[in-house]
Amino acid sequence: MTAQQGWPAPSATVAVRGRVTVPGSKSISNRALVLAAIADGPSTLSGLLVARDTNLMRQALVSLGVGITEQDGLVTVTPGSLKGPASVDCGLAGTVMRFVPPVAALADGEIAFDGDAYARERPMNVILGALRALGVQIEDHGTGRMPYSVSGTGSVRGGQVTLDASGSSQFVSALLLAGARYDEGVDIIHDGKPVPSQPHLDMSVAMLRERGVQVDDSQPNRWIVAPGPIRALDYAIEPDLSNAAPFLAAAIVTGGEVTVTGWPAQTTQPGGQLPDIFTRFGADVTLADGELTVRGTGRIEGLDLDLSEVGELTPVLLAIAAFADGPSYLRGIAHLRGHETDRLAALETEFNALGGDVTQTPDGLEIRPKPLHSGLFGTYHDHRMAHAAAVLGLVVPGLEIENIATTAKTLPEFPELWSALVS
Ligand SMILES: O=C(O)C1=C[C@@H](OP(=O)(O)O)[C@@H](O)[C@H](O)C1
Ligand SMILES: C=C(OP(=O)(O)O)C(=O)O
């Protein structure tokens, strides 16, 4: 492949200044869809993300028998009786491959799951094993991976299950989201190294409680969901704060100023930690009147960051750290090896191919800033690799991004929004 085959990342001739509005959160959108699909009546969702991951979730739920209609940007989800046979394309969406099987278990009939080639590499065994322990029949040909099928009888016994969710918080969220609809509810006990992505767990619990479900998360590493209905709820989805990260990073690496509109005062999204992290990098950050403004000060400090709670922010934060005045250490993110790609390996390879000095550690990445040169940045079907490359490209002229279209996973309009902001 030659460098000509990539998307020419705009470089910033002047400091980036502007305002951006990003579409709805992937994580909240797909939870809202799942919960609405198994609620006690129709729910209307506003601000739902339109992207590959949410489209796959919608298709999955429709194929199970859920009604989904759309008018004037509002999406109405009407629960139906869940039935197989059906097949579900998970693409590369963790939220689809982990959150839908516990719902499919409530269907009557066989639901087959498959996805992109790399989806077969993403860890699934924990959630499949947990579902089996809760009384669900699963066929995975002994692989613990995709493709698999879930054969339901219209109800799930549920009850207590012990699992190791250190590989992904989505194993816990998946059971939380459907568990109220199981006969005995679900009592999830985590046994293993710490569960990553605490904000995403909080998001699942909060969204269940908003819908009247009783969740007891008062003990560490244990979540008890009482059996009962999930109340239908009309719901507005927050903007995706993780997808806002590259735009805000543009201000930091160019010494400019970027405002993201619609920033929630309170959030369970991991991006809620961005103001603090950006401040530690040396940026000026203001949150007022529902807008977050980040101003680059011309100085970026190398940081030692535990990103275990906010792993999905890693690629963009590494791109900022590439221009810091000292080394940075990003820790607590071994589980990123099971994301859209092995993100630790991919980031190390691609940053170093531009002349960078990035090293994988057992649980993270170290970066020692060095001048970078132009080149083609591989994205490995990973939207956040593309975001990181775009941030680098502001400072590194001639950088090209392979398969920029991969950003469609969560933000199809990324190339246009980016070009409009930075050029
Ligand atoms: O539940 C969710 O919506 C997510 C949980 C996290 O997964 P991991 O805990 O596997 O990192 C996060 O990285 C992913 O982007 C979305
Ligand atoms: C890890 C991610 O996605 P997924 O929901 O597919 O796990 C991500 O978006 O960074």
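Which residues come nearest to ligand 1? Of the 13 residues around ligand 1, the ones that come nearest are Ser27, Ser168, Ser169, Ser197 and His200. Keep in mind that this is a predicted model. The protein chain splits into two domains, and both of them give residues to the shell around ligand 1.

- Domain 1 comes in two pieces, 3-24 + 239-422, while domain 2 covers 26-236.
- If you take the centres of the two domains over their C-alpha atoms, 29 Å separate them.
- The domains do touch: domain 1 puts 21 residues into the contact and domain 2 puts in 28 residues.
- On the domain 1 side of that contact, you'll find six nonpolar, 11 polar and four charged residues.

**Ligand 1**

- Why can we say that ligand 1 lies between the domains? Domain 1 and domain 2 both give residues to the shell around ligand 1, so it lies between them.
- Sorted by class, the shell around ligand 1 has one nonpolar residue, 11 polar ones and one charged one.

**Ligand 2**

- The residues that surround ligand 2 are Ala93, Gly94, Thr95, Glu312, His339, Glu340 and Arg384.

- Look for an open sheet of three strands in the order β1-β23-β22, where the pairing is mixed.
- The edge strands are β1 (7-8) and β22 (375-377), and each of them pairs on one side only.
- Strand β23 (residues 399-401) runs antiparallel to β1, and two bridges join them.
- To spot this pairing in the model, find Trp7, which stands opposite Ile401 in β23.
- Helix α11 (residues 383-395) packs on this sheet and touches β22 and β23. The direction of α11 makes about 160 degrees with that of β23.

**A sheet of four strands**

- Another open sheet has four strands in the order β10-β11-β13-β12, again with mixed pairing.
- Here β10 (159-163) and β12 stand at the edges with a single partner strand each, so one side of each has no neighbour in the sheet.
- Strand β11 (residues 186-190) pairs with β13 in the antiparallel sense, over four bridges.
- One bridge to look for links Val186 with its partner in β13, Val225.

**Strands around β21**

- β21 (residues 364-367) pairs with strand β19 (residues 328-331) in the antiparallel sense, over three bridges.
- Within that pairing, Ser328 stands opposite Ile367 in β21.
- Strand β20 (residues 358-361) also pairs with β21 in the antiparallel sense, this time over four bridges.
- Ile367 turns up again here, as the bridge partner of Val358.
- β20 and β21 form a hairpin, with two residues between them.

**Two packed helices**

- For helix α7 (residues 241-254) and helix α9 (residues 314-321), the angle is about 5 degrees and the axes are 10 Å apart. That makes α7 roughly parallel to α9.
- On the α7 side, the contact is made by Ala245, Pro246, Ala249, Ile252 and Val253, and on the α9 side by Val316, Ala319 and Ile320.
- What classes do these contact residues belong to? Eight are nonpolar, with no polar and no charged residues among them.

- Gly84 and Pro85 are joined by a cis peptide bond, with omega about 0 degrees. You'll find Pro85 in the loop between β5 (74-78) and β6 (86-89).
- Met146 and Pro147 are also joined by a cis peptide bond, where omega is about -5 degrees. Pro147 lies in the loop between β8 (137-139) and β9 (148-153).
- Asn221 isn't a glycine, yet it has a positive phi of about 60 degrees. Its place is in the loop between β12 (215-216) and β13 (222-225).

Technical notes
Residues numbered from 1 in each chain as written. Chains lettered and ligands numbered in written order. Predicted model: local features only at pLDDT ≥ 70, side-chain atom pairs only at ≥ 80, totals over all residues. Domains from an automatic or database assignment. Contact = placed C-beta atoms within 7 Å. Nonpolar A, V, L, I, M, F, W, Y, C, P; charged D, E, K, R; others polar. Near = placed C-beta within 6 Å. Pairing = 2+ DSSP bridges. Axes fitted to C-alpha atoms, helices over the stretch in contact; angles between N-to-C directions. Parallel < 35°, antiparallel > 145°, perpendicular 65-115°, else oblique.
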